[in-house]
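Work through the exercises below with the coordinates open. Each task is followed by a solution in steps.

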Amino acid sequence: MARSAELISVRGLRKEYGTARGPVLALDRIDFAVGEGEFVAIVGPSGCGKSTLLKILAGLLPATNGQALLRGVSITGPRRDIGVVFQSPVLFPWRTVLDNVLLPVDVQRLGRDGNVSRAMELLSLVGLHGFEHRYPWELSGGMQQRVAITRGLIHNPAMLLMDEPFGALDAMTREGLNLELQRIWLERRETVVFITHSIAEAVFLADRVLIMTPRPGHIAEEVRVAIPRPRSLDMMGAPEFSEAVRRIRSHFNAKGRLEG
Amino acid sequence: MNGLRKPALRVLLLVASLLFWEALVRALRVPAFILPAPSQVWAALYRGAVSGIYLQHLWITLAETLLGFVVGSVVAFVLGTALAMSRRTEYFLYPYIIMFQSMPKVALAPLVVVWFGLGLTSKVVSAALIAFFPLLVNTIVGLRSADEDRVDLMRSLAASELQIFRMLRLPSALPFLMAGLEVAMVFSLVGAIVAEFVGAEAGLGMLIQSRNFSMDVAGEFAVLFILAVLGLLLNAALVSVRKRVLFWDPSHKSVADGPSLKGGL
């Protein structure tokens, strides 16, 4: 997959919130690009503005200055070609697993005909074959998040935005889902912007890790992860993995703690 | 064993308290126009059932209650939706609603009868007025209860406001709506009966009043019993609808543990 084509380009992005005590600067001078088919992780401590950045990319929040471009077009509002996965699965309890996955299809009136079988395939891909007609509350937290990922992919979005999708899960489930996400990504080569506060998770998954420092949110550095895929959990002990983790962590030791 | 003994114990307790009531009334020679014995109530119930007088009045009260329930609920839902979705509507209408809400609606019944006459219409209006508030409040609270993350998800898919309403806000409001409807049903029966007290040509409320005047207290008890059963059946109907519609709601929000109901009579 050619990495030359630039899918997302963020230029001089700045976000200010008006509060009762005056404006608060959440993001300042954010510049980065994401190539077509690239997996980029943004890592930073809680409150560094990661989620604000993701909401701007999703078109849910306007930027104060600067812009975010998707294929050269400024993102000014919600778009139909972006898939979002939030920290919680955000499933609708009155819809079955299949109907939850088809939500984007229903909203964007893409027609259920071909998409039902596509949804079934995607559900098999994430290991949920046979659960199509169950309800979300019958599933474990990890399974629910897999439904959410499937829903994020069903309408063939140009990019998938993931906002700490595994942050609320236990460590074991999280590792399992990291492997699973890698497998899905290797199969589909989706462009992914993945936000996390876990350095290890970022290094494990991404081609490139953007390091975000807080107050105001700013991209301090980017670290390219050259470890070949498929990566296994055992690789977390490898020297190049540790080196990447160490480099990223060095940014936060001064400013605040961050989970490894 | 335990599972079998409990219902049996319940029936036994009921029979025992009825027998105690009967014995007490007989032993103390309580006059029937103060407190009739269960046997006298039963006799009155039987007489009326055979003559068909209860059924005739029951249909009228049932029609008043159901029509009032439907009218009150529809108006409450439409107005509640307008208030929940538009801050401007809320700003202009809210003072009137608060004022109207803090007034005991049963106090309006005499006026309603003067305006709408002794027939069906005044009873329906009275029932609708009283049924209105529980559902209005629950509609507003329910439509605003949609989870913000879910709204964000819908927005991120470029959903229209109408789609967000139909696919998210309305289903999210259902537990509240059902709880409001359950209260509205009971309240509309109250509204119909109160209007019948004020002035009516037929209905179970009218029957209670006329029997009260003729000191037929046993007959009055019989009608009260029928009204209790009617209320129970109406509520059971809604509970069964709720169970079907809200199969997905883990909390099974009921009237008791559900959202606050600031309706009042």
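Predicted model: local features only at pLDDT ≥ 70, side-chain atom pairs only at ≥ 80, totals over all residues.

**Exercise 1. Domains of chain A**

Task: State into which domains chain A is divided and describe the contact of domain 1 with domain 2.

Solution: 
- Chain A is split into domain 1, residues 1-76 + 182-260, and domain 2, residues 82-157.
- Taken over C-alpha atoms, the centres of domain 1 and domain 2 of chain A are 25 Å apart.
- Four residues from domain 1 of chain A and five residues from domain 2 of chain A make up the contact.
- On the domain 1 side, the residues are two nonpolar, no polar and two charged.

**Exercise 2. The sheet in chain A**

Task: Give the strand order of the four-stranded sheet in chain A, and explain why strand 2 and strand 5 stand at the edges.

Solution: 
- The sheet is open, its strand order is 2-1-4-5, and the pairing is antiparallel.
- Strand 2 (22-35) and strand 5 (73-74) of chain A each have a single partner strand, so one side of each has no neighbour in the sheet.
- Strand 1 (residues 6-19) and strand 2 of chain A run antiparallel and are joined by 10 bridges.
- Within chain A, Tyr17(A) lies opposite Val24(A) of strand 2.
- Helix 1 (residues 50-57) of chain A packs on this sheet and touches strand 1, strand 2 and strand 4 (65-70) of chain A.
- The direction of helix 1 of chain A makes about 65 degrees with that of strand 2 of chain A.

**Exercise 3. Chain B and one of its helix pairs**

Solution: 
- The C-alpha trace of chain B spans about 75 × 60 × 30 Å along its principal axes.
- Chain B has 265 residues, of which 37% count as buried.
- Among contacts in chain B with a separation of 6 or more, 80% are between residues 24 or more positions apart.
- A packed helix pair is described by the angle between the axes and the distance between them.
- The crossing of helix 5 of chain B with helix 6 of chain B is right-handed.
- Helix 5 of chain B brings Ala109(B), Val112(B), Val113(B) and Phe116(B) to the contact, where they meet Thr121(B), Ser122(B), Val125(B) and Ser126(B) of helix 6 of chain B.
- By class, the residues of this contact are five nonpolar, three polar and no charged.

**Exercise 4. The interface**

Task: Determine which elements of chain B give two or more residues to the side that touches chain A.

Solution: 
- The contact involves 14 residues of chain B and 17 residues of chain A.
- On the chain B side, the elements giving two or more residues are helix 7 (148-156) and helix 8 (161-198).
- Helix 7 of chain B gives the most, with seven residues.
- The chain B side divides into eight nonpolar, two polar and four charged residues.

**Exercise 5. Met172(A)**

Task: Decide whether Met172(A) counts as buried or exposed.

Solution: 
- Met172(A) sits in helix 6 (residues 171-188) of chain A.
- Met172(A) has 9 C-beta neighbours inside 10 Å, so Met172(A) counts as exposed.
- Gly142(A) is 30 residues from Met172(A) in sequence, and their C-alpha atoms are 10.0 Å apart in space.

Conventions. Residues numbered from 1 in each chain as written. Chains lettered and ligands numbered in written order. Domains from an automatic or database assignment. Contact = placed C-beta atoms within 7 Å. Nonpolar A, V, L, I, M, F, W, Y, C, P; charged D, E, K, R; others polar. Pairing = 2+ DSSP bridges. Axes fitted to C-alpha atoms, helices over the stretch in contact; angles between N-to-C directions. Left-handed = near helix turned anticlockwise from the far one by under 90°. Buried ≥ 20, exposed ≤ 12 C-beta atoms within 10 Å, placed from the backbone.
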